[in-house]
Amino acid sequence: MGQDNLTLQYLFSGLTKGSIYAVVAIGFNLIYSATGVLNFAQGEFVVLGGMVAVTLAHFVPLPVAVAGAVVVVALVGCLLEVTLFRPLRR
């Protein structure tokens, strides 16, 4: 009985991590297809989202923390676009 639970835990853990890797890979592909540039900063946004979600989970329920992390990382991305990338294009 204990071995079955462990096997299921490993299965779901592997599916979860694999899904995260797949979403990150799709993001790399989309960015490269749209810009022709391989953007390694995307990994930093993934880590930032995870860290913000874990931090917020101490104060609010997990679904709210994940939604908040998405909003925070989107705002950071917009801030970087406006303050760094747009001036560099000019």
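1. In which helix is the place of Ala 25? Ala 25 has its place in helix α1, where helices are DSSP runs of H or I with at least four residues, strands are E runs of at least two, and the numbering goes from the N terminus. Because its relative accessibility is 43%, Ala 25 counts as partly exposed; buried means under 20% relative accessible area, exposed over 50%, and partly exposed in between, with a 1.4 Å probe and protein chains only.

2. A word on the basis of these values: this is a predicted model, in which local features need pLDDT of at least 70 and side-chain atom pairs count only at pLDDT 80 or more, while totals for chains, interfaces and linings use all residues. Residues are numbered from 1 along each chain as its sequence is written, and side-chain values use heavy atoms, with hydrogens and water left out.

3. Leu 15 is found in helix α1, which covers residues 2–35. Together with Leu 8, Leu 11 and Phe 12, Leu 15 makes a nonpolar surface patch of about 410 Å². Patches are made of residues with over 30% relative accessible area and no salt bridge, like charges being joined within 9 Å and nonpolar side chains (Val, Leu, Ile, Met, Phe, Trp, Tyr) within 5 Å. Accessible areas come from the Shrake-Rupley method with a 1.4 Å probe, and for residues only the protein chains shown count as cover.

4. The structure holds one salt bridge, a term that requires a side-chain nitrogen of Lys or Arg within 4 Å of a carboxyl oxygen of Asp or Glu. Glu 81 forms a salt bridge with Arg 86, with the closest N and O atoms 3.5 Å apart. Glu 81 counts as partly exposed because its relative accessibility is 21%, and Arg 86 counts as partly exposed at 43%.

5. As for the whole chain, there are three helices and zero strands, and the pattern along the sequence is α-α-α. The C-alpha trace spans about 65 × 35 × 15 Å along its principal axes. Buried residues make up 11% of the 90 residues, and the accessible surface comes to about 7,200 Å², of which 74% belongs to carbon and sulfur atoms.
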